[in-house]
Amino acid sequence: MSACIDCHCHISAEDFDKDVEEVIECSKKAGLLALLAVAEHSGEFEKIISLSQRFPGFIFPCLGVHPVQEVSPGHQRGASPQDLDGALPIIEKYKDQLVAIGEVGLDFTPRYVSSETDKENQRLVLIRQAQIAKELDLPLNVHSRSAGRPTIHLLKEQGVEKALLHAFDGKPSVAMEGVKAGYFFSIPPSIIRSEQKQKLVKQLPLENICLETDSPALGPEKQVRNEPKNIHISAEYISKIKGVSVEKVMELTTQNALRLFPKMKLSSNSD
């Protein structure tokens, strides 16, 4: 079986607390070589680092502040520069173990942004983290919901050369601006129920595509916990759209991931 890499996954989510061993085991059996564990806020940084130490050479840590922050269960707001206060010292502490800064980006969904100030705050948070990524020579793992064009423009403005745009929800023409800048786009299993993602894959060159699950979200079925083992669903659907073999998709997307995240050192025995 060909192997692949899950470039964007929330393995530190509470949804996996009870059975993380089993979830990892199943994902290895499904041919997963590695997964990138992304963060949303500084409160889960230590958990991600400890998971990467518990599953060395398989779980790789990305730390960053997401553009949407939870204030209390069910109540969220856009990120602001203060959210970086608790995060930056921990990123500094673990900088040598990181493979990327993420999940970072912009989210202009109306319920999170009610003013230009909210958007500006998110921009400041992204700019600061883009600077850190450059200083550490790390790529960015990027969220851009309802903000595809502004996100790509800001990354280019900031001179970002290495970025993964996860589950991009913008127009294919906007994504192609990212392709021109050398950015990669990762595709989740929800592609099987998303016409927008299908159109996106049609346009994107395979040389710029990576695989992701975004577990526990964006699975093949709505409201059902997604797992890294579902990565093959993305690969199969991409192969159908592109008219190439699943093996070819897995091989190319793995090469792309290793090129984008060179600090990812896979364990030699991925049994």
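Q: How far is the sulfur of C26 from the closest cysteine sulfur?
A: The sulfur of C26 lies 13 Å from the closest one, which belongs to C9, and this is too far for a bond. A disulfide is a pair of cysteine sulfur atoms within 2.5 Å. The model is predicted, so local features need pLDDT of at least 70, side-chain atom pairs count only at pLDDT 80 or more, and totals for chains, interfaces and linings use all residues. Residues are numbered from 1 along each chain as its sequence is written, and side-chain values use heavy atoms, with hydrogens and water left out.

Q: How many disulfides are found in the whole structure?
A: The search finds 0 disulfides. C7 is in none, and its nearest cysteine sulfur, that of C210, is 4.2 Å away.

Q: Is C7 buried or exposed?
A: C7 is buried, with a relative accessible area of 0%. C26 is partly exposed, at 29%. Buried means under 20% relative accessible area, exposed over 50%, and partly exposed in between, with a 1.4 Å probe and protein chains only.

Q: Turning to helices, at what angle do α6 and α7 cross?
A: The axes of α6 (residues 172-180) and α7 (residues 195-203) cross at roughly 45 degrees and come within 9 Å. Axes are lines fitted to C-alpha atoms, for helices over the stretch in contact, and angles run from 0 to 180 degrees between N-to-C directions. Helices are DSSP runs (H or I, at least four residues), numbered from the N terminus.

Q: Which residues meet there?
A: P172, A175 and M176 in α6 meet K199, L200 and Q203 in α7, where contact means heavy atoms within 4.5 Å.

Terms used:
Helices (H or I, at least four residues) and strands (E, at least two) are DSSP runs, numbered from the N terminus.
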